[in-house]
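Take a look at the sequence and the structure shown here. The paragraphs after it walk through the model part by part.

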Amino acid sequence: MLAALKRPGLARGWFGFLVGGGLGFGLVVALRAISGLEIFQTEPTGYPHVVVPAITAPLGFLAGIGCFDYWIRWAIGRPTVPEDHSQHGAYSWKDYFRFNTDHKVIGIQYIVTTFFFFFLGGLAAFAVRAELAAPGTQIVDGQFFNGLFSTHAAFMLFLFIIPIFAGIGNYVLPLMIGAPDMAFPRLNALSFWMLPMAGLIFIASFFVPGGTFDAGWTGYAPLATGAPLGQSFFNLGVQFAGASSIMAALNFIVTIITMRAPGMTFWRMPLLAWANLSTSLLIVAATPFIAGAQFMVLFDRVLHTNFFQAAFGGDVLSYQHIFWFYSHPAVYIMILPGFGIISEVVSTHARKPIFGYRLMALALIGIVVLSYTVWAHHMFVSGMFSWLRVPMMITTILIAVPTGIKIFNWLGTLFDSVLHLKSTAMLFSLAFIVTFTIGGISGVMLGMVPIDIHVSDTYFVVAHFHFVLFGGSVFTVFAGIYHWFPKMTGRMYDERLGRIHFWMTWIGLLGTFIPMHWLGLQGMPRRVADYAAEFGDWNLVVTIFSFVLGLAQLVFVYNMVVSWKWGPKAGPNPWRAKTIEWLVSSPPPVFNFDRIPRVVGGPYEFGVPGARHAILEEDEGAEIKPAQPAVAGAAGAGEAAT
């Protein structure tokens, strides 16, 4: 046992967790005793002897598992440990539970961990829909209902959708651009291990006095400033999740800019690389705003500042402005990587170059710029300056243009193509185009001031939100997992089970969220545990289909687990794709490439005679014929380096 505590690992991590929590608790008790204050302050917005350990215990875990070993040695002047690559690669399942600097291991750690939180969030959604199956109180009271839908949203947004794209990108992106690893492997590992700590903080809120946070995923002040203790855990959990996102984003930016393979210009990068670059720019610029807002709420709660207390000179609306200045760009943080995934899948399984490649890449950058100009359309009924409504309505409509460009580019790629529909990834991609278009249309409707005022805080908003984030983001996640599953595991999944998962998910999605549009237009408010009897029939229908949607995900888990262990072995390139990750074995070597790749053309030149995206070192003697793009605007194989 003593030996286990001397080396980085879970044993030392949980020991550090206990030590960190004890130090935080002791510090609060000692300082309050010295100051002559009551030792245990138990006001709902206080509890410093609980809040401070909720910060120090996760930090102790991160130190114990090995996240800071190298930097601490450097900071105190001790010799740093030479990189012997002992923390790189997975040689058994146990390596996935350790501090590991291999981007592929970290990618799988991200994916598995985020799916764990996905199912926790799904269980909360099950409970919400079970309560709403009929008017009246069935299962939970109103306060616990508020906690359920709040934690459902927090798990799904902060612990699943945002970080799972970091997981997929972590695994695929370095391979795709010909890099041996991410630019900062240790920072990469730290960014992952902060994520389960954020989840642990959210979960712990259920067990504190007063119950879990219940002010919704937006945590609006001043409601949040006077909420029970669990709200402080929301403030802290968002900080850990946000710091994780920023670290991962910085890593992606540096990796994409500085570690591309020889010959890979920006106009030869796959669109997934463009999407991750765009997303990372958004995260680095926007996430500090939500971090600042949550710190301000926490200070109002614990230190009795008055940032958002109107009675003491605080500005209530400023919270919404700060929050949505992050959270509307965050909508694109949750979907831009999905755009990249869909581009890879559609081009591969349509056997056709991406239509308008450069315009697709520029549209991603356009979304980044415009996303900062639309935040206040969430606040049309908040009481903000009325003159702001019209310009925000215009920018909201304007941002639909680069998004619409991508829809037409995918349709142009599919037009007159040779569709391969045997892949579950392609089915999810095609369904995504439909569902995301529906969500986009309802989003434009919500950007119109008169319509938004009518349906604000109704189930129309819930329907729009889920069509965009489930029918949009989650569908792209499934497409990506199915597409790169052979590369990650070296095994093929069961296509029959994949199709069952798709059709159950597709039917469940439509049956759950289409009726919500009608309920919202009829005036059913969201975030309520009870409702008028006139809405009962449609709510029962929604609940039934929501259970179909949830049960479908069990098929997915079974397929992934069983196929990973016993599925047929996959070759290096089962989909006959063009990008670099398919040039190496499945799964890839520990350090990705035994031979250095050299990029000689665009990534999507399907059907162009002699066109290749990249060659490996020993292939360099082969004659490479310059090829012209099959579609105007695609990245040409003969394009000169810039």
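This is a predicted model: local features need pLDDT of at least 70, side-chain atom pairs count only at pLDDT 80 or more; totals for chains, interfaces and linings use all residues.

Residues are numbered from 1 along each chain as its sequence is written, and side-chain values use heavy atoms, with hydrogens and water left out.

Start with the domains. The chain is divided into domain 1 (2–75) and domain 2 (103–566); such bounds come from an automatic or database domain assignment. Their centres, taken over C-alpha atoms, are 31 Å apart. How many residues of domain 1 are in contact with domain 2? There are 22 residues of domain 1 in contact with 22 residues of domain 2 (contact means heavy atoms within 4.5 Å). The two domains bury about 1800 Å² between them, and 83% of that lies on carbon and sulfur atoms. Thr-45, Val-51 and Trp-71 supply 27% of the area that domain 1 buries against domain 2, more than any other three residues. Buried area is the accessible area (1.4 Å probe) that two parts lose on being put together, summed over both. Zero salt bridges are found across this interface (a side-chain nitrogen of Lys or Arg within 4 Å of a carboxyl oxygen of Asp or Glu).

On a 1 Å grid over the protein atoms alone, a cavity is a set of points where a 1.4 Å probe fits but cannot get out; a pocket is an open set with protein on both sides within 12 Å along at least five of seven lines; lining residues have an atom within 4 Å of a point. Grid points are joined across faces, edges and corners, and a volume is the space filled by probe spheres set on the points.

The second largest pocket holds about 1100 Å³ of space. It is lined by 34 residues, and Phe-97, Ile-108, Gln-109, Val-112 and Thr-113 lie nearest its centre. Which helix gives the largest share of this lining? That is α5, with nine residues. Helices (H or I, at least four residues) and strands (E, at least two) are DSSP runs, numbered from the N terminus. Both domain 1 and domain 2 give at least three residues to the lining of this pocket. The lining has 29 nonpolar residues, five polar and no charged. Here Ala, Val, Leu, Ile, Met, Phe, Trp, Tyr, Cys and Pro count as nonpolar, Asp, Glu, Lys and Arg as charged, and the others, Gly among them, as polar.

There are two cavities of 30 Å³ or more. The largest cavity holds about 160 Å³. It is lined by 18 residues, with Ile-162, Phe-165, Ala-166, Phe-252 and Ile-283 closest to its centre. Its largest share, six residues, comes from α8. Glu-344, Thr-348, Ala-577, Thr-579 and Trp-582 are the closest to its centre. Its lining does include three charged residues.

Last comes the backbone. Most residues other than glycine have a negative phi, and most peptide bonds are trans. A cis peptide bond joins Ala-221 and Pro-222, and Pro-222 lies in the loop between α7 and α8. Another cis peptide bond joins Ser-586 and Pro-587, with omega about -10°. Asp-416 has a positive phi, near 55°, and sits in the loop between α14 (400–414) and α15 (424–447).
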